[in-house]
Amino acid sequence: MNKKTIYILSIESSCDDTSVAVLANDTILSNVVANQEIHSKYGGVVPELASRAHQQNIVPVVQEALIQANIDKKDLSAIAFTQGPGLMGSLLVGTSFAKSMALALQIPLIAVNHMQGHILAHFIRDKAQKKPSFPFICLTISGGHTQLIRVNDYFDMEILGETIDDAVGEAFDKSAKILGLPYPGGPFIDKYAQLGDPKAFEFPKPKTKNELDFSFSGLKTAILYFIRKKEQENPNFIKENLHDICASIQQTIIDILLIKLKKAVKKTGIKSIAIAGGVSANSGIRKTLVEAEKKYQWQTYIPKFEYTTDNAAMIGITGYYKYLEGNFDDNTVSAKARMSVLE
Ligand code: KG4
Ligand code: ZN
């Protein structure tokens, strides 16, 4: 073991994935994610079932992460964990486990903001992604959030705009539900969209008072009415047009995101653009960002696929930068269901 290396074990349990990672400085040694299949048959995450599954998964996932990292727990420098935002019952499992582990090992405890984690995932040292330099604009798109953030430094951020109703992930998931697809529907829309015509159908793009805010609830309603009307004419409409419907929904969402990004660039003069959060796994959004490099002379930063949806590696890298600042928490720290990205 290199004495100067900082080894952090990090725990993410904010929603329905139990994840544990081990980092050596900014490099990932292991990043284990246990998904909870149980929720798909309910069409959404059931909080009570999620916390129970975390309770079952946490010990084996911690063990597996240590084994894969080939490290003994006595060599760890600190324990990082997701403090919030998220489901309280889920957060409590990770928080309590992290506190106990830090106490038992007599090492520092680091509380991490999940939303900062999504953004700072870009700073994981990995051949598959490049690190942005400050300042940059981050479009955070997940199941619970949609925000445009100006990132001045690791822990110096400003919210430029955010959704006034649904998050982008919800727009994907609710649209998928209307189409009868399983939860979470985002990845299914992505898969079928690749086989369809994005111009087949047109859906409205919302207007917001603040030009950098987002609104997605109208899109969901428009899709619902559109499908109802078409099904009255043809009961097999969804089945016969699934690929085109998915491609058109996805294209509408991409267009909305791109319009906002362009406005943010114009307003700030910053042309370094990163995307983060579960929805940044979307292949159409990733492709659009790659094309934007040439088209608009932006520098774009697209996270490695495994660092997009919820994972502990992103909590670990955020913990690492807090460790470098000596920003530790004591054992009275508690989970927070609601938490701004600025906290
Ligand atoms: O960041 P995340 O894992 O959890 C939250 O913090 O919310 O994001 C989950 C969201 C879900 O809404 C899921 O449908 C969406 O990310 N998602 C996708 C894709 N993969 C995950 N949406 C569109 N296309 C994808 N490929
Ligand atoms: Zn997330």
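## Starting point: Ile 119

Let's begin inside a helix: Ile 119 sits in α3. Helices here are DSSP runs of H or I with at least four residues, strands are runs of E with at least two, and both are numbered from the N terminus. This is a predicted model, so local features need pLDDT of at least 70 and side-chain atom pairs need pLDDT 80 or more, while totals for chains, interfaces and linings use all residues. As for bookkeeping, residues count from 1 along each chain as its sequence is written, chains are lettered from A and ligands numbered from 1 in the order written, and side-chain values use heavy atoms, leaving out hydrogens and water.

Is Ile 119 buried or exposed? With a relative accessibility of 0%, Ile 119 counts as buried (buried is under 20% relative accessible area, exposed is over 50%, and partly exposed is in between, using a 1.4 Å probe and protein chains only). Leaving aside residues up to four places away in sequence, Ile 119 touches Phe 136, Cys 138, Thr 140, Ile 149, Val 151, Met 157, Ala 276 and Val 341; contact means heavy atoms within 4.5 Å. Asn 234, on the other hand, is 115 residues from Ile 119 in sequence and 44 Å away in space, C-alpha to C-alpha.

## The zinc site

Helix α3 (residues 114-120) also carries His 114 and His 118, which are four residues apart and so separated by about one helical turn. Both of these histidines are buried.

Which protein atoms are the donors of the zinc ion (ligand 2)? They are NE2 of His 114, NE2 of His 118 and OD of Asp 310, lying 2.0 to 2.2 Å from the zinc. Donors are N, O and S atoms within 2.8 Å of the metal (3.2 Å for Na, K and Ca), and water is not among the atoms, so sites may look incomplete. Along the sequence, the donor spacing reads H-x3-H-x191-D.

## Two helix pairs

Take α1 (residues 47-69) and α2 (residues 88-105): their axes come within 8 Å and cross at roughly 30 degrees. That makes α1 roughly parallel to α2. (Axes are lines fitted to C-alpha atoms, for helices over the stretch in contact, with angles from 0 to 180 degrees between N-to-C directions; under 35 degrees is roughly parallel, over 145 roughly antiparallel, 65 to 115 roughly perpendicular, and the rest oblique.) The α1 side of the contact is Ala 50, Ser 51, His 54, Gln 55, Ile 58, Val 59 and Val 62, and the α2 side is Gly 89, Ser 90, Val 93, Phe 97 and Met 101. These contact residues split into seven nonpolar, five polar and no charged. (Ala, Val, Leu, Ile, Met, Phe, Trp, Tyr, Cys and Pro count as nonpolar, Asp, Glu, Lys and Arg as charged, and the others, Gly among them, as polar.)

Next come α6 (residues 217-233) and α7 (residues 237-268), which pack at about 160 degrees with axes 12 Å apart. That makes α6 roughly antiparallel to α7. From α6 come Leu 219, Ile 223, Phe 226, Ile 227, Lys 230 and Glu 231; they meet Phe 237, Ile 238, Ile 245, Ile 249, Thr 252 and Ile 253 of α7. Here the tally is nine nonpolar, one polar and two charged.

Ser 13 belongs to the loop between β1 (7-12) and β2, and it is buried, with a relative accessible area of 1%. Gly 94 is 81 residues from Ser 13 in sequence, but the two are 5.5 Å apart in space, C-alpha to C-alpha. Other residues that Ser 13 touches include His 54, Thr 82 and Ser 90.

Val 20 is part of strand β2 (residues 17-24) and, at 0% relative accessibility, is buried. Its contacts beyond four places in sequence include Leu 9, Val 32, Val 61, Val 62 and Ala 312.

Where are the cis peptide bonds? One joins Gly 84 and Pro 85, with omega about -5 degrees, and Pro 85 is in the loop between β4 (78-84) and α2. Another joins Phe 134 and Pro 135, with omega about -10 degrees; Pro 135 is in the loop between α3 and β6 (136-141).

Gln 106 isn't a glycine, yet its phi is positive, at about 55 degrees. Gln 106 lies in the loop between α2 and β5 (109-113) and is exposed, with a relative accessible area of 68%. Gln 297 has a positive phi near 55 degrees too, and is found in the loop between α8 (283-296) and β10 (299-301).
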